[in-house]
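Please read the following briefing alongside the sequence and the structure.

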Amino acid sequence: MHPRGRSSWAPVMALAESCSRAPTASLKSILDAVPDYHWTIEDLFTDENRIAARLQDTATPVKPFLGQQPTGASLNIMEYGSYRAEKGQFVEMWFLMDSATAAAQLQAGAVATAPA
């Protein structure tokens, strides 16, 4: 398990560079719209080539994101991710996040605290 609350963008980018094309493209498209996207690892579990994580996401889009135009508003939501790696590369990435709450936060221009 990862120490609670520890986060850093550099490891995510290092992993993104080693990913297969589809997962890398997904991360790069997010970063293009939201360069300050920040994932704080709340829980991290591994089993052989599988990884599961509970993440706290914060971000302020500078381009359209989740169907919303950028307004300077930020989002703060919980995300759950599941990953599978082969030969040091991500081959599957699945995530679940409350995009409706994120869009509402961006639309309203206020950050609501996501439930833990």
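In this predicted model, strands β3 and β4 (residues 89-97) run antiparallel to each other and are paired over 8 bridges. Within this pairing, Tyr 80 lies opposite Leu 96 of β4. The two strands make up a hairpin with 2 residues between them, and Lys 87, located in that turn, has a positive phi of about 55°.

**Pairing of β2 and β3**

- Strand β3 (residues 75-86) also pairs with strand β2 (residues 50-59), again in the antiparallel sense, and this pairing extends over 10 bridges.
- One of the bridges joins Leu 55 to Glu 79, its partner in β3.

- Glu 48 is found in the loop that lies between β1 (38-47) and β2.
- Is Glu 48 buried or exposed? Glu 48 is exposed, because its relative accessible area of 81% lies above the 50% cut-off for that class.
- Although Glu 48 and Ala 85 are 37 residues apart along the chain, a distance of 9.0 Å separates their C-alpha atoms.

**Overall fold**

- The chain contains 3 helices and 4 strands.
- Their order along the sequence is α-α-β-β-β-β-α.
- Of the contacts in the chain with a separation of 6 or more, 56% are made between residues 24 or more positions apart.

**Burial and surface**

- The chain has 116 residues, and 35% of them are buried.
- The accessible surface of the chain is about 7000 Å², and carbon and sulfur atoms contribute 57% of this surface.

- How many cavities of 30 Å³ or more does the structure hold? The structure holds 1 such cavity.
- The volume of the largest cavity is about 30 Å³.
- Its lining consists of Pro 61, Phe 65, Gln 68, Gln 69, Pro 70, Thr 71, Ala 73 and Leu 106.
- By residue class, the lining of the largest cavity comprises 5 nonpolar and 3 polar residues, with no charged residue.

Terms used: Residues are numbered from 1 along each chain as its sequence is written. This is a predicted model: local features need pLDDT of at least 70, side-chain atom pairs count only at pLDDT 80 or more; totals for chains, interfaces and linings use all residues. Side-chain values use heavy atoms; hydrogens and water are left out. On a 1 Å grid over the protein atoms alone, a cavity is a set of points where a 1.4 Å probe fits but cannot get out, and a pocket is an open set with protein on both sides within 12 Å along at least five of seven lines; lining residues have an atom within 4 Å of a point. Grid points are joined across faces, edges and corners, and a volume is the space filled by probe spheres set on the points. Ala, Val, Leu, Ile, Met, Phe, Trp, Tyr, Cys and Pro count as nonpolar, Asp, Glu, Lys and Arg as charged, and the others, Gly among them, as polar. Two strands pair if DSSP finds at least two bridges between them. Buried means under 20% relative accessible area, exposed over 50%, partly exposed in between (1.4 Å probe, protein chains only). Contact means heavy atoms within 4.5 Å. Accessible areas come from the Shrake-Rupley method with a 1.4 Å probe; for residues, only the protein chains shown count as cover.
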